[in-house]
Amino acid sequence: MKKIAVIGGGAAGLTASIYALRANAEVTLFEQFGLGGLAANIDRIDNYPGYASVEGWQLAADMSSQAKKLGLKVIRQRVLSLKKDGDEFVITTDRGEYRYPAVVVATGTSHNKLGIESDYVGRGVSYCATCDGNFFKGMPVAVVGGGNQAVREAAYLANLCSKVYVLLQGDSFTAEETSVADLLAMGNVETIYNVAVSAIGGENSVENVSLYGKDGKENRVLDIKGLFVAVGATPVTDFIDIGEVKKINGYIAVDGRSESSVKGLFAAGDVTSGALKQIVTACADGAKAGSFASAYSAAVLKNK
């Protein structure tokens with residue numbers, strides 16, 4: 001029976017699994033944490049076709065349930081490496097080794113850091129508003145970043161916190177215009193442009209942040225209790241030990257079939273070099289990757 005492995009349990013990985021399972025492939029998904037990926041941590045999703053609005057956890061749960069009903073096998077282990085051995089891919093985890101004729105990488109991205117916050121992570125610094133926002137109910141907080149993630153985080157926090165400062169290094173947002181307009185219309189949100197965080201203060205937890213402007217001079221200290229960092233992300237590909245895999249700025253380059261430069265290795269979602277990082281595009285990538293990985297696996301087995 002044709003079989004594939006999917007590494008990563010977010011929207012892209014789950015969609016790839018669903019399409020491969022419907023093509024009668026045996027699918028094993030490797031995910032160290034819970035299924036759903038970043039989508040599961042989004043408070044509200046307003047741009048997924050078919051839903052005027054849906055909570056992220058609900059959409060993730062529906063995808064997971066559908067895949068499991070089709071027979072998805074989930075291995076909750078951390079993938080340490082992915083190598084190529086002849087016509088097989090070797091996945092090594094913290095508990096064992098597995099071999100497959102085709103693999104879909106859907107590991108997404110990891111949060112970028114400011115570089116100064118390590119002592120305060122879990123003590124006022126967070127990378128997820130829906131995860132930690134309730135800890136700061138009625139308190140002043142700040143969000144660093146101007147992209148879609150930062151705007152979503154700030155809007156969510158504005159409904160919980162007394163004040164939300166949005167800190168941008170540039171002079172404009174890069175997020176969707178409608179989302180920015182909605183955020184700026186909220187009465188307890190203040191946007192500060194052309195600044196960066198130079199220091200975090202507080203004895204046991206975050207109490208304030210120091211800002212400096214483009215001229216390099218400190219120009220303001222904000223008294224806050226929480227700092228939410230949303231300054232982009234880095235693709236999770238460090239476990240791939242196959243030198244022939246082509247990357248663009250660290251992201252896996254794929255063709256129209258979601259196949260990488262290495263035959264039999266497919267990629268989907270935010271880990272790829274696609275320009276748009278959205279749940280709907282992750283699902284589209286996953287549909288192609290799962291379908292073509294299944295077909296590739298069948299061809300390999302037929303030639304054995």
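Residues are numbered from 1 along each chain as its sequence is written, and side-chain values use heavy atoms, with hydrogens and water left out. In this predicted model, local features need pLDDT of at least 70 and side-chain atom pairs count only at pLDDT 80 or more, while totals for chains, interfaces and linings use all residues.

View 1. Strands (E, at least two residues) are DSSP runs numbered from the N terminus, as are helices (H or I, at least four residues). Two strands pair if DSSP finds at least two bridges between them. Strand β4 (residues 79-85) runs antiparallel to strand β5 (residues 88-93), and 6 bridges join them. Lys84 has Phe89 in β5 as its bridge partner. The turn of this hairpin has 2 residues between the strands, and Gly86 in the turn has a positive phi of about 65°.

**View 2. The hairpin of β5 and β6.** Strand β6 (residues 97-100) is antiparallel to β5 and is joined to β5 by 4 bridges. Tyr98 in β6 is the bridge partner of Ile91. The hairpin connects β5 to β6 through 3 residues.

**View 3. The open parallel sheet.** Strands of a sheet pair through backbone hydrogen bonds, either parallel or antiparallel. Here 5 strands form an open sheet with parallel pairing, in the order β9-β16-β10-β11-β12. The edge strands, β9 (125-126) and β12 (189-192), each pair on one side only. Between β10 (residues 140-144) and β16 (residues 226-229) there are 4 bridges, and Val144 has Val229 in β16 as its bridge partner.
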